[in-house]
Every structure is written in structure tokens, then in C-alpha cells.
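Here is a short note for a colleague opening this entry for the first time. Please keep the sequence and the 3D view side by side while reading.

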Amino acid sequence: MSGLTREERVAALREASVVLVSACLLGEACRYDAKSKGSHKVIQALEGKEVVPVCPETGAGLGIPRPAVELKGGAGAEVLAGLASAAEVESGKDQTKAFLLGAELALAAAKRFGVRVALLKERSPSCGTHGTHVDGRVVRGQGVTAALLAQSGLIVVSDEDL
Ligand code: SF4
């Protein structure tokens, strides 16, 4: 976590001129179930800003639709540290490499466009910023991409902060 209060995160978002955003929040139907999570609040919060849309999971080559994935043994920071993994819920197929690649691609996009603030979809195993799915339940912690962005100094803001 960034250690910032909700008010501080929202203020950072308000002041940012360019923002990395989970593509599904912009209406892109890129979720595992081929749906979007388009949000009027998100669109309003981004008015007048440059937007860098990313979907770490599809960016890493996972399809639409795709099997739901959860983290195993820990949240995003533990996955980055090699102490936990990402796996398909139904089959158990390991998807850790894809999740790490998606996070790296999102970070590369942030660096390329000088992004300091990311607005991300809550509870996703990639994008969750306060909570994410670990071992069959939602726990406090970040998804893999949110954790990497936060560790790299970005301020990560949840759509539920708005
Ligand atoms: S939450 Fe993140 S990984 Fe999941 S569909 Fe949205 S942008 Fe893609």
C-alpha cells in the first residue's frame, strides 16, 4: 500500500495530467468474462487528462474470455517476491509468468509516458489495489500489477476510492 489516505490518493489523481488506467474501467470488454466495468465516475475523474489504458492480462497474451485466475499463497507483493503464484481457479493451471509479464508491460507503459498515478480496478488479481482474490477469498492486498506499480513509486488509486 502507498500509505496515503484516500483523500491524498484522490488529490494525486486530480492533480495528475496523465494517468494509467485499467482498460476495463474505460468500457473495454477485456475482463476474463468478456465484460467491461465501464464507470461513469472514472470517466468523470479523467476528464481533461491524458489516459494510458492498460489491461495487464490481455497484454500478456491471455485471451478474452479466459479462465478466472486467483492468487495462491499470497497477494501481489508475494507473487513478485516469488513467494506466491497465480493460477486458474478451475484447472489450477499456473499463470504466474503471464501475470508477471502483464505487470512489467504496465510498468513499461507508465515509464514511457511519465505516469505517476494509476487508476485501477479493485479486487482484480492484477489490478486490485486494496483487495484481491487469494486462495478462494478476497483479502487485503494488491494484485500483481498494482503491487509492481506501487513498488516502483506510482500512486495507485482504486476505482472505489472515487
Ligand atoms: S482488472 Fe485489469 S487485468 Fe482485469 S480486465 Fe481490467 S484491466 Fe484487465
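Predicted model: local features only at pLDDT ≥ 70, side-chain atom pairs only at ≥ 80, totals over all residues.

1. Salt bridges. The count comes to six salt bridges.

2. Are Arg 9 and Asp 161 buried or exposed? Arg 9 counts as buried because its relative accessibility is 9%, and buried means under 20%. Asp 161 is buried too, because its relative accessible area is 3%.

3. Two further bridges. Arg 66 pairs with Glu 57, with the closest N and O atoms 3.0 Å apart. Both of these residues, Arg 66 and Glu 57, are buried. Arg 31 pairs with Asp 33, and here the closest N and O atoms are 3.1 Å apart. Asp 33 is partly exposed, at a relative accessible area of 28%.

4. Helices α5 and α6. Look next at α5 (residues 96-112) and α6 (residues 144-151). Their axes come within 8 Å and cross at roughly 40 degrees. The two helices are therefore oblique to each other: an angle under 35 degrees would count as roughly parallel, and 65 to 115 as roughly perpendicular. The crossing of α5 past α6 is right-handed.

5. Who makes the contact. From α5 come Phe 99, Leu 100, Gly 102, Ala 103, Glu 104, Ala 106 and Leu 107. From α6 come Val 144, Thr 145, Leu 148 and Leu 149. By class, the contact has eight nonpolar, two polar and one charged residues. An α-helix has 3.6 residues a turn, so residues three or four places apart point the same way.

6. Cover on α6. How many of the eight residues of α6 are buried? Six are, and the helix is mostly covered. The buried residues are Val 144, Thr 145, Ala 146, Ala 147, Leu 148 and Leu 149. After α6 comes Gly 153, with a positive phi near 100 degrees.

7. Leu 149. This residue of α6 is buried, because its relative accessible area is 0%. Leaving aside residues up to four places away in sequence, Leu 149 touches Leu 20, Ala 106, Leu 107, Ala 118, Leu 120, Leu 154 and Val 156. Leu 149 and Ala 12 are 137 residues apart in sequence, and their C-alpha atoms are 15 Å apart in space.

8. A cis peptide bond. Please check the bond from Ile 64 to Pro 65. It is cis, with omega near -10 degrees. Pro 65 lies in the loop between α3 (56-59) and β3 (69-72).

9. Ala 34 has a phi near 65 degrees. Its place is in the loop between β1 (18-22) and α2 (40-45). Ala 34 counts as partly exposed, at 35% relative accessibility. Arg 123 also has a positive phi, near 75 degrees. Arg 123 is found in the loop between β5 (117-120) and β6 (131-134). With a relative accessible area of 33%, Arg 123 is partly exposed.

How values were computed
Residues numbered from 1 in each chain as written. Heavy atoms only, no water. Salt bridge = Lys/Arg side-chain N within 4 Å of Asp/Glu carboxyl O. Buried < 20%, exposed > 50% of the residue type's maximum accessible area, 1.4 Å probe, protein only. Axes fitted to C-alpha atoms, helices over the stretch in contact; angles between N-to-C directions. Helix = DSSP H or I, 4+ residues; strand = E, 2+ residues; numbered from the N terminus. Parallel < 35°, antiparallel > 145°, perpendicular 65-115°, else oblique. Left-handed = near helix turned anticlockwise from the far one by under 90°. Contact = heavy atoms within 4.5 Å. Nonpolar A, V, L, I, M, F, W, Y, C, P; charged D, E, K, R; others polar.
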